[in-house]
Amino acid sequence: MNSFLRWSILLALLLAGPMWILASNQVITDGHWSNLDRSSAGLAPHPDQAQEAVVQVYAARAYSWRGAFGVHIWIATKAEGAREYQLHQVLSWRRPTVVSSIDTPDRAWFGHPPELLADYRGAPAAEMIPRIQDAVTRYPQADLYRVWPGPNSNSFIAWVIRDVEGFEVALPTTAVGKDYLFNGVVALAPSGTGFQFSLGGVLGLMVALEEGIEFNLLGMSIGLDVKRPALKLPGIGRLGMPASVAGNLD
């Protein structure tokens with residue numbers, strides 16, 4: 001078998017998951033963005049009922065065809081006693097790309113409901129919020145956005161998580177761009193429980209207690225979670241036990 005055929009087979013295997021997501025209509029690819037669902041999923045505590053500080057991380061399938069490959073992730077924070085949430089994220093259509101705005105923390109992302117990845121409350125959240133805000137202002141590539149291999153919205157979230165002490169979140173395999181390490185090749189895993197190696201976000205390996213083992217090729221990851229047994233596949237995500245929600249609510 002020649003090398004071209006081997007690479008063609010490998011590429012077909014990597015794309016099988018995203019193509020299945022598209023074929024099974026699991027992402028919304030029609031309809032104008034302004035008409036798609038942006039309602040609250042009811043996952044965030046209402047400010048009137050929760051005076052404590054809150055830090056949450058959400059992920060939802062990306063808009064249009066990109067959702068077949070991965071998710072968009074954002075951070076929501078609410079200071080102690082605050083009556084509103086602030087969202088931190090990167091938006092591809094904005095320059096600079098980093099946007100911090102007052103908004104509904106758990107709203108659907110253009111038709112796709114969010115999943116809660118992390119939930120920190122009380123004193124730990126209060127300590128993290130100013131550090132998160134500071135990290136957001138220091139994001140090193142706010143004027144550059146590349147869907148693949150990064151830096152994109154997920155590269156931003158991974159960078160902030162690594163920069164803020166105590167902010168530990170295992171990002172899903174479908175967070176395409178999370179393995180883009182900017183000018184580095186070795187870094188802590190976003191969960192803080194292991195390490196990863198990556199060459200420009202197109203080739204890499206992660207080994208961590210929370211994430212398990214992930215092999216990244218061409219920006220897409222395949223892996224195995226041993227702690228909470230599950231197979232991780234490009235586009236599809238987890239097959240097995242659901243991931244645990246990071247935070248201090250155990």
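Is Arg83 buried or exposed, and what is its relative accessible area?

A: Arg83 is exposed, with a relative accessible area of 61%. The cut-offs: buried means under 20% relative accessible area, exposed means over 50%, and partly exposed lies in between, using a 1.4 Å probe and protein chains only.

First, the ground rules. This is a predicted model: local features need pLDDT of at least 70, side-chain atom pairs count only at pLDDT 80 or more, and totals for chains, interfaces and linings use all residues. Residues are numbered from 1 along each chain as its sequence is written, and side-chain values use heavy atoms, with hydrogens and water left out.

Now the partner. Arg83 forms a salt bridge with Asp48, and their closest N and O atoms are 2.7 Å apart. This pair links distant parts of the chain, 35 residues apart. Asp48 sits in the loop between helix 1 (3–23) and strand 1, while Arg83 sits in the loop between strand 2 (71–78) and strand 3 (86–90). Helices (H or I, at least four residues) and strands (E, at least two) are DSSP runs, numbered from the N terminus. Asp48 is partly exposed, at 44% relative accessible area. A salt bridge here puts a side-chain nitrogen of Lys or Arg within 4 Å of a carboxyl oxygen of Asp or Glu. Side chains of opposite charge can pair when their charged atoms come close.

The structure holds 11 salt bridges. Another of them joins Asp163 and Arg138, with the closest N and O atoms 2.5 Å apart. This pair also links distant parts of the chain, 25 residues apart: Asp163 is in helix 3 (residues 153–163), and Arg138 is in the loop between helix 2 (122–137) and helix 3. Asp163 is partly exposed at 33% relative accessibility. Arg138 is partly exposed at 38%.

Lys178 and Asp179 also meet in a salt bridge, at 3.2 Å from N to O. Both residues are buried. Through shared partners, salt bridges join Lys178, Asp179, Glu214 and Lys232 into one network.

Six strands form an open sheet in the order 4-3-2-1-5-13, with mixed pairing. Its edge strands are strand 4 and strand 13 (246–247), each pairing on one side only. Two strands pair if DSSP finds at least two bridges between them. Strands 3 and 4 run antiparallel and are joined by five bridges. Gln86 has Ile102 in strand 4 as its bridge partner.

Strand 1 (residues 54–61) contains Gln56. Gln56 is buried, at 0% relative accessibility. Its side chain makes a polar contact of 2.5 Å with the side chain of Tyr58. A polar contact is a pair of N or O atoms within 3.5 Å; within protein, one must be able to donate a hydrogen and the other to accept it, and residues adjacent in sequence count only if both atoms are side-chain atoms. Beyond its neighbours within four places in sequence, Gln56 is in contact with residues including Leu43, Trp74, Leu116 and Arg121. Contact means heavy atoms within 4.5 Å.

His112 lies in the loop between strand 4 (98–102) and strand 5 (115–121). His112 is buried, with a relative accessible area of 4%. Its side chain reaches the backbone oxygen of Ala62 at 3.5 Å. Leaving aside neighbours within four places in sequence, His112 is in contact with Gln26, Val27, Ile28, Ala60, Arg61 and Ala62.

Glu214, in strand 9, is the bridge partner of Met206. Strands 8 and 9 run antiparallel, joined by six bridges. They form a hairpin with three residues between them. Strand 9 also pairs with strand 10 (residues 220–225), antiparallel over five bridges. Asn216 stands opposite Ser221 in strand 10. The hairpin of strands 9 and 10 has two residues between the strands, and Leu218 there takes a positive phi near 60 degrees.

Finally, the surface. A nonpolar patch has about 1,000 Å² of accessible area together; among its members are Val185, Phe197, Leu205 and Ile222. Strand 6 (186–188), strand 7 (194–199), strand 8 (203–208) and strand 9 (212–217) each give two or more residues to the patch. Patches are made of residues with over 30% relative accessible area and no salt bridge: like charges are joined within 9 Å, nonpolar side chains (Val, Leu, Ile, Met, Phe, Trp, Tyr) within 5 Å. Accessible areas come from the Shrake-Rupley method with a 1.4 Å probe; for residues, only the protein chains shown count as cover. Phe197 lies in strand 7 and is partly exposed at 36%.
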